[in-house]
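Okay, thanks everyone, I'll keep this short. Have a look at the sequence and the model first, and then I'll walk you through a couple of things.

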Amino acid sequence: MHKIVVSNQCGCFKKSDLKNNINFESKDEALQKALDMKNTMNTEFCGKHEFQVVEFGDNFIISFDTEPKSSCCGNGCCS
């Protein structure tokens, strides 16, 4: 059994139709669904976070940095 776990549930996730703790018999099916979810979250959510998928044992964990993404351009004007 393989599971997709969304470890950090932001407000956008809670408002979405996406589900947490989904079980799959097939590892390939679980990985494909986790990647699809990550892509949806990165393209359709508000953009404050960048989501990633990490394999941990039989689980695929979707998480993000707890620090919001910086919109700084890197020229020092944003500090």
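**A salt bridge and a sheet**

So, let's start with Glu-55: its relative accessibility is 43%, so we call it partly exposed. Keep in mind that this is a predicted model.

What does the side chain of Glu-55 meet in a salt bridge? That would be the side chain of Lys-27, at 2.9 Å, N to O. In general, side chains of opposite charge can pair when their charged atoms come close.

Now, where do the two partners sit? Glu-55 is in strand β3, while Lys-27 belongs to helix α2, residues 27-44. They're 28 residues apart, so the pair links distant parts of the chain. As for Lys-27, its relative accessible area comes out at 38%, so that one is partly exposed too.

We've got 4 strands in an open sheet, and reading across, the order is β2-β1-β4-β3, with mixed pairing. Which strands stand at the edges? They're β2, residues 22-24, and β3, residues 51-56; each has a single partner strand, so one side of each is left without a neighbour in the sheet. From one strand to the next, the twist averages 20°.

One last stop, over at β1, which covers residues 2-6. β1 pairs with β2 in the antiparallel sense, over 3 bridges.

Conventions
Residues numbered from 1 in each chain as written. Predicted model: local features only at pLDDT ≥ 70, side-chain atom pairs only at ≥ 80, totals over all residues. Heavy atoms only, no water. Pairing = 2+ DSSP bridges. Helix = DSSP H or I, 4+ residues; strand = E, 2+ residues; numbered from the N terminus. Axes fitted to C-alpha atoms, helices over the stretch in contact; angles between N-to-C directions. Salt bridge = Lys/Arg side-chain N within 4 Å of Asp/Glu carboxyl O. Buried < 20%, exposed > 50% of the residue type's maximum accessible area, 1.4 Å probe, protein only.
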